[in-house]
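Here are my comments on the model you sent. Please read them alongside the coordinates.

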Amino acid sequence: MQNNQIELTQEEYNKLESELEFLKSVRRSEISEQIKQARAFGDISENAEYDEAKNEQARIEGEIQDKEDLIRRVRVIDSKEIDTAVVGVGTLVTVSDAADNEEYKYLISGMMMGSANDPEHNAKKISSESPIAKSLIGKKVGKTCTVQAPGGTIKLKILEISRV
């Protein structure tokens, strides 16, 4: 993987494209309408509604630019090519916490997709950029990883790696 390339699953890529399309088609139109209405109030030099709409327009345009840049750098991972010999994006990892011997499942997602629960796999979906994922990626079953988390050090032993 190149330094600036981002790995995403097909589902994550589709979500990113959908978000971009919403911003371009719906949000741009809404902001344009807000600016038009604010201009109708008269003098725009002292018009708070106009200033607010222009600020929101700049924020939306920045978000569009960011998502377009991400899309240019994405490499979609085919689920068939996901290597289950090591932890990576698109893998479901079962780990054991050394402190309490509890088992946890993590679904490693692309870097900017954030974290959420994945009820289908009874797992927590975590970004590949999270401290836990960073310590797990590239490791094999049986390895123990030390994670520097905000709440302290965590030792996780990898029990199983599978595809979603």
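This is a predicted model: local features need pLDDT of at least 70, side-chain atom pairs count only at pLDDT 80 or more; totals for chains, interfaces and linings use all residues.

1. The largest nonpolar core is made up of 16 residues. Leu8, Leu16, Ile35, Ile60, Ile64, Ile71 and Val74 have the most contacts inside this core. At least two of the core residues come from each of β1 (6-9), α1 (10-39) and α2 (48-73). The greatest contribution is that of α1, which gives seven residues.

2. Isoleucine 35 is among the core residues with the most contacts. When neighbours within four places in sequence are left aside, isoleucine 35 is in contact with Tyr50, Ala53, Lys54 and Gln57.

3. Another core, of 14 residues, lies apart from the largest one. Its members include Ile108, Ile132, Val147 and Ile158.

4. Threonine 9 belongs to strand β1. Its relative accessibility is 18%, so threonine 9 counts as buried, the cut-off being under 20%. Not counting residues up to four places away in sequence, threonine 9 touches Val76, Ile77 and Gly90. Along the chain, threonine 9 and serine 109 are 100 residues apart, yet their C-alpha atoms are separated by 7.4 Å.

5. Serine 128 sits in the loop between β6 (123-127) and α3 (131-136). Is serine 128 buried or exposed? Serine 128 counts as buried, because its relative accessibility is 9%. The C-alpha atoms of serine 128 and arginine 72 are 19 Å from each other, with the two residues 56 apart along the chain.

Methods: Residues are numbered from 1 along each chain as its sequence is written. Side-chain values use heavy atoms; hydrogens and water are left out. A nonpolar core is a set of buried Ala, Val, Leu, Ile, Met, Phe, Trp, Tyr and Cys residues joined through side-chain atoms within 4.5 Å. Buried means under 20% relative accessible area, exposed over 50%, partly exposed in between (1.4 Å probe, protein chains only). Helices (H or I, at least four residues) and strands (E, at least two) are DSSP runs, numbered from the N terminus. Contact means heavy atoms within 4.5 Å.
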